[in-house]
Amino acid sequence: MEVENEASCSPSRASGGSREYKVVMLGAGGVGKSAMTMQFISHQFPDYHDPTIEDAYKTQVRIDNEPAYLDILDTAGQAEFTAMREQYMRGGEGFIICYSVTDRQSFQEAAKFKELIFQVRHTYEIPLVLVGNKIDLDRFRQVSAKF
Ligand SMILES: Nc1nc2c(ncn2[C@@H]2O[C@H](COP(=O)(O)OP(=O)(O)OP(=O)(O)O)[C@@H](O)[C@H]2O)c(=O)[nH]1
Ligand SMILES: [Mg+2]
């Protein structure tokens, strides 16, 4: 995957002395949000596409050398499951917007996600990372690395 913009999450609240960061995975259907989340959480790569409705994960990490909890909300990209989108956008402290470099439309949709976050939060001052996934499929690339 290629990470095209980086920002850090702001801490929200303490939980048992540790800070908790709420991160929301957004992006079109099939771009690899769940695969990326599973890689991070369990170091496993699911090679099948099981469309997500909503999956939540909590994991302990160290951020800035402090113990913390990371709450990751893996959301639905498929249009029929997107009723909860505004609610995710209201609750998230940081967002990872994914697209696939093999799917130009998913790249265009990534921009729409950013606008939706703005509409819900009324500010662009939100930690957000844009991730271009599936770079191993370079021969099918539809989104130039120059973007
Ligand atoms: N080649 C390749 N395939 C990938 C990569 N990431 C994910 N995939 C595959 O793409 C398909 C869809 O991945 P998912 O993680 O289920 O996609 P998603 O964004 O969670 O999809 P929804 O839950 O429907 O929104 C699966 O078959 C994955 O194995 C990658 O980096 N490279
Ligand atoms: Mg998924």
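**Reading burial, contacts and helix faces**

Biologist: Thr75 lies in strand β5 (residues 66–75). How are such elements assigned, and what is the pattern of the chain along the sequence?

Modeller: Helices (H or I, at least four residues) and strands (E, at least two) are DSSP runs, numbered from the N terminus. This is a predicted model, in which local features need pLDDT of at least 70 and side-chain atom pairs count only at pLDDT 80 or more, while totals for chains, interfaces and linings use all residues. Residues are numbered from 1 along each chain as its sequence is written, and chains are lettered from A and ligands numbered from 1 in the order in which they are written. Here the chain has three helices and seven strands, arranged along the sequence as β-β-β-α-β-β-α-β-α-β.

Biologist: Is Thr75 buried or exposed?

Modeller: A residue is buried if 20 or more other C-beta atoms lie within 10 Å of its own, exposed if 12 or fewer, and partly exposed in between, with C-beta atoms placed from the backbone. Thr75 counts as buried because 25 C-beta neighbours lie inside 10 Å. Across the chain, buried residues make up 31% of the 147 residues.

Biologist: Which residues is Thr75 in contact with, beyond its neighbours in sequence?

Modeller: Two residues are in contact if their C-beta atoms, placed from the backbone, lie within 7 Å. Leaving aside neighbours within four places in sequence, Thr75 is in contact with Val24, Met25, Leu26, Thr52, Glu54 and Tyr88. Glu54 is 21 residues from Thr75 along the chain, yet their C-alpha atoms are separated by 4.9 Å. For the chain as a whole, 71% of the contacts with a separation of 6 or more are between residues 24 or more positions apart.

Biologist: Where is Ile53 found, and how many C-beta neighbours does it have inside 10 Å?

Modeller: Ile53 is in the loop between α1 and β4 (54–63). With 13 C-beta neighbours inside 10 Å, Ile53 counts as partly exposed. Gly77, 24 residues away in sequence, is 8.4 Å from Ile53, C-alpha to C-alpha.

Biologist: Which residues have the most contacts inside the largest nonpolar core?

Modeller: In soluble globular proteins, nonpolar side chains tend to be buried together. A nonpolar core is a set of buried Ala, Val, Leu, Ile, Met, Phe, Trp, Tyr and Cys residues joined through C-beta atoms within 7 Å. In this model the largest such core has 27 residues, and Ile96, Ile97 and Cys98 have the most contacts inside it. At least two residues of this core come from each of β3, α1, β5, α2, β6, α3 and β7. Not counting residues up to four places away in sequence, Ile96 touches Val23, Met25, Leu26, Val129 and Val131.

Biologist: How is the length of helix α3 checked, and which of its residues are buried?

Modeller: The expected span of a helix is 1.5 Å times one less than its number of residues. The 18 residues of α3 (residues 104–121) should therefore span 26 Å, which agrees with the 26 Å between its end C-alpha atoms.

Biologist: Which residues of α1 are buried, and what covers them?

Modeller: In α1 the buried residues are Lys33, Ser34, Ala35, Met36 and Thr37. Their cover includes β3, β4, β5, β6 and β7.

Biologist: Finally, which residues come nearest to ligand 1?

Modeller: A residue is near a molecule if its C-beta atom, placed from the backbone, lies within 6 Å of it. Of the 21 residues around ligand 1, Gly32, Ser34, Ala35, Thr52 and Gly77 come nearest. Helix α1 (residues 33–42) gives the largest share of this shell, three residues. By type, the shell divides into seven nonpolar, 10 polar and four charged residues; Ala, Val, Leu, Ile, Met, Phe, Trp, Tyr, Cys and Pro count as nonpolar, Asp, Glu, Lys and Arg as charged, and the others, Gly among them, as polar.
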